[in-house]
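Please examine the chain shown below. The explanation that follows starts from a pair of strands and then widens to the chain as a whole.

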Amino acid sequence: MTDEISNEALVQRFPGEPITHDNAAHYRGRLRRQLLVNRCDSCGAWHAPAKPICPDCWSSRVTPTSVSGNGTIFMAIFLHQGPPAEGVDYSTPYPVVTVELQEQAGLRITSTVVGASNADITIGAPVRLEWQERAGSPMPVFALRSAANA
Ligand SMILES: [Zn+2]
């Protein structure tokens, strides 16, 4: 693939992120604005965060696989304080959401919701994936999905 970058360059693109052998493909996917989650080739189970073996069947045949990015809000918290970070405004306060992806019950990704008032960020609300530039690299975020465009 022509857009593959070295491990060293990948670490530089995501300063402060815990990039490892197991999750490097996930971060390379982010650079292409593609959300990759590990899926087991043996039993089909998805798992996140990335691990070298399937936690369900212990197979080492796991493949970073693109997900739809559609899901529902499983949990939401609103931060009034926190470390300074680009794109983060604690005065609103800043929403942190865990989204359960439609691919599998229990498959969850933690990020934020953009373009919505905090009052509308509720448990069970349907969301879709969006991308935002944060510190020079794409970050997966979520937007509320209305019933009309769900
Ligand atoms: Zn498995």
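This is a predicted model: local features need pLDDT of at least 70, side-chain atom pairs count only at pLDDT 80 or more; totals for chains, interfaces and linings use all residues.

How many bridges join strand 1 to strand 3, and in which direction do the two strands run? Five bridges join them, and the strands, of which strand 1 comprises residues 36–40, run antiparallel. One of the paired positions is Cys 40, whose bridge partner in strand 3 is Val 62.

The pairing belongs to an open sheet of three strands, ordered 2-1-3 and antiparallel. Strand 2 (46–47) and strand 3 (62–66) each have a single partner strand and stand at the edges, so one side of each lacks a neighbour in the sheet.

Is Trp 58 buried or exposed? Its relative accessibility is 68%, and Trp 58 therefore counts as exposed, the cut-off for that class being over 50%.

A further cis peptide bond joins Thr 92 and Pro 93, with omega about -15°. Pro 93 lies in the loop between strand 4 (71–79) and strand 5 (94–101).

Helix 2 (residues 24–31) is mostly covered, with six of its eight residues buried. The buried residues are Ala 24, His 26, Tyr 27, Arg 28, Gly 29 and Arg 30. What covers these residues? The cover includes helix 1 (7–13), strand 1, strand 7 (126–134) and strand 8. Just after helix 2 comes Arg 33, with a positive phi of about 55°, although Arg 33 is not a glycine. Arg 33 sits in the loop between helix 2 and strand 1, and its relative accessibility of 40% makes it partly exposed.

Strand 8 (residues 137–144) contains Ser 137. This serine has a relative accessible area of 2% and is therefore buried, since the class requires a value under 20%. Which residues does Ser 137 contact, once its neighbours within four places in sequence are left aside? They are Arg 13, Phe 14, Leu 31 and Gln 132.

The C-alpha atoms fill a box of roughly 40 × 35 × 25 Å along the principal axes. A compact globule of 150 residues would have a radius of gyration near 15 Å, and the chain, at 16 Å, agrees with this. Buried residues account for 36% of the 150 residues. Of the contacts between residues at least 6 apart in sequence, 49% join residues at least 24 apart.

The surface and the charges complete the description. The chain exposes about 8300 Å², of which carbon and sulfur atoms supply 54%. There are 12 positive and 14 negative side chains, and the centres of the two sets lie 3 Å apart.

Note on methods: Residues are numbered from 1 along each chain as its sequence is written. Side-chain values use heavy atoms; hydrogens and water are left out. The radius of gyration is taken over C-alpha atoms; the globule rule is 2.2 Å times the number of residues to the power 0.38. Buried means under 20% relative accessible area, exposed over 50%, partly exposed in between (1.4 Å probe, protein chains only). Contact means heavy atoms within 4.5 Å. Accessible areas come from the Shrake-Rupley method with a 1.4 Å probe; for residues, only the protein chains shown count as cover. Lys and Arg count as positive and Asp and Glu as negative; His and the chain ends are not counted. The place of a charge is taken as NZ of Lys, CZ of Arg, CG of Asp or CD of Glu. Two strands pair if DSSP finds at least two bridges between them. Helices (H or I, at least four residues) and strands (E, at least two) are DSSP runs, numbered from the N terminus.
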